[in-house]
Amino acid sequence: MVTKMMVLYAGVFFLYFMLFSLSFRKRWFLGRQNRKRGMKNNGENDASKKKSIFVDMADYLYGIGMETKIFQQKSIKDNLKILYPEIGEKKEKEKSCLRRFYVNKIRLMLLLVFTGNVLATCFFIGSRMENAVKEGKYIHRNSYGMGSKEMGLQVQIEGEERGLRQNFAITVEEQKYEDALVRQMAKEIYLLLPDMIRGMNTSLEEVRSSLKFIHKIEGYPFQITWESDNYTLIGPDGNVTGETAKKEGEVVHLTAILTYDEHREEYIFPVCVFPPAYSEEELCRKEIYEMLIQQEEKDRCSDKMELPESIEGQRLVWSKRIEDSSGYVFLLMCIGAGMVYLLQDEKLKEKMEQRNREILLDYPQLLSKLMLYLGAGMTLRNAFQKIAAQYNAEKQLGRKCRYVYEEMLLTCHELDSGIPEAAAYEHFGKRCRLPQYTKLTNILVQNLKKGSGGILNMLRQEVRNAFEERKNMARKLGEEAGTKLLLPMILMLGVVMVLIIVPAYFSFSI
């Protein structure tokens, strides 16, 4: 099993290497061809312009897939043509749109598989770096101070059938020190601590800056806690506030408490705290800060605050401190871009659902217009072209694009190009991809074949049915909106409950 997994991971890396080599060779070859011709890349040579390794590999796989007809899914092609009517019958635009869609999908798949293979390889190697059971019967404990470890063990009883194994989980505690050794190490720490906690001070007999309280020393098992008999001068974190100390110094007793298992040792260190001795830079900073405070208090009645211009004859140049958060923005944008790429197919499905819903909502209005123009004496072709022309004029004035009227414009172009009227209406129904429009197309084709008698009655009946369907759709959309609002309502209920319960709790506590 181990050998198989190794072969699998190595094989994946080899396949990626071969794919990268082939895609790089293809891009180099296309670039060389274009340089010879003195042309810019276009159309089928889009792959030679890509910078990303995974895009190049995805484009290469797409080229192979097109040759073997793997990426010639009619449903995807139809959906893209429906969502982007401007593609029309132009093969170049259709190929370019399909290429972009599939290259994005393949690129994401390659990236995820490669990342998964890298992580799986790391876990595979890491899980086998060390064999926990030595000589078939020993488990090494963690050394002193390294903590316990969880072990998963597997045992097979000799004589039993192969494969009948028992699994166990056990916690192996770290190695413990003997009592005599613990006492000896405590004495060693007592000698080491004065130099370790003095920080930037020369010694504990002259402390002017903060101490460095040590809570753990490497190589020793003790946890160290500190106590002070004068927290106004030395705080629990070792911070020294020597401004309040006397010039001749004040003695503060620090207690170091060493604990290990059931052992406890206490050591007291006398510390003499003096007022801090500032460096020139610190004195300068302190003086500038005091000048700022004084100036701020002085100019409180003014609409602006004047900053100090100089200190000790040296000019001060002020500017606003800039906090650059561009790195975080870039990281968030990268994460957002990754999420967008992962939702490509879902977005395509959502667009298709939105288009179908929009076409269905426009159905009653389209029927009403057709019935109106036919009732006024227009022929079916003229009525169709009149509706399309009216939409086109409104579109030029800034009206939002509506899919069903775009399909009507395409139908009018077909009629103008000489396609038979019945065939153009059938194409219109197929492009709309909804049963309601298929039924309307059948009515229109039947009218052309058998004459116009009774078409108005059929359209009236269809209008009534369409308005009933639209009411049902509106009701369904309202129910979906209520369902979507359920989570925000639950969150608001939680906020309201907190606003009610917290004050009530504190009032009972009082």
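**A walk through the fold**

The protein chain has 14 helices and nine strands; both are DSSP runs numbered from the N terminus, helices being H or I with at least four residues and strands being E with at least two. What you're looking at is a predicted model, where local features need pLDDT of at least 70 and side-chain atom pairs count only at pLDDT 80 or more, while totals for chains, interfaces and linings use all residues. Residues are numbered from 1 along each chain as its sequence is written, and side-chain values use heavy atoms, with hydrogens and water left out.

Let's start with the whole chain. Of its 510 residues, 29% are buried, meaning under 20% relative accessible area, against over 50% for exposed and in between for partly exposed (1.4 Å probe, protein chains only). The chain exposes about 35,800 Å², and carbon and sulfur atoms supply 58% of that; the areas come from the Shrake-Rupley method with a 1.4 Å probe, and for residues only the protein chains shown count as cover. Now take the contacts (heavy atoms within 4.5 Å) between residues at least 6 apart in sequence: 57% of them join residues at least 24 apart.

Next, find the sheet. Three strands make up an open sheet in the order β5-β6-β7, with antiparallel pairing; two strands count as paired if DSSP finds at least two bridges between them. Because β5 and β7 stand at the edges with a single partner strand each, one side of each is left without a neighbour in the sheet. Direction ignored, neighbouring strands here are turned by 25° against each other on average; axes are lines fitted to C-alpha atoms, for helices over the stretch in contact, and angles run from 0 to 180 degrees between N-to-C directions.

Follow the pairings one by one. Strand β5 (residues 223-228) is joined to β6 by six bridges, and Q223 sits opposite T259 in β6.

Leaving aside residues up to four places away in sequence, V252 touches S228, D229, N230, L233, I234, F269, P270, V271 and V273. V252 and V271 are 19 residues apart along the chain, yet their C-alpha atoms are separated by 5.1 Å.

The sheet has a helix across it, too: α5 (residues 179-197) lies across β5, β6 and β7, running at about 15° to β7.

Finally, look at a pair of helices. Helix α8 (residues 344-375) packs against α11 (residues 421-432) at an angle of about 135°, with the axes 11 Å apart. That makes α8 and α11 oblique to each other, since angles under 35 degrees count as roughly parallel, over 145 as roughly antiparallel, 65 to 115 as roughly perpendicular and the rest as oblique. Where they meet, α8 brings R355, N356, I359 and L366, and α11 brings F428, R431 and C432.
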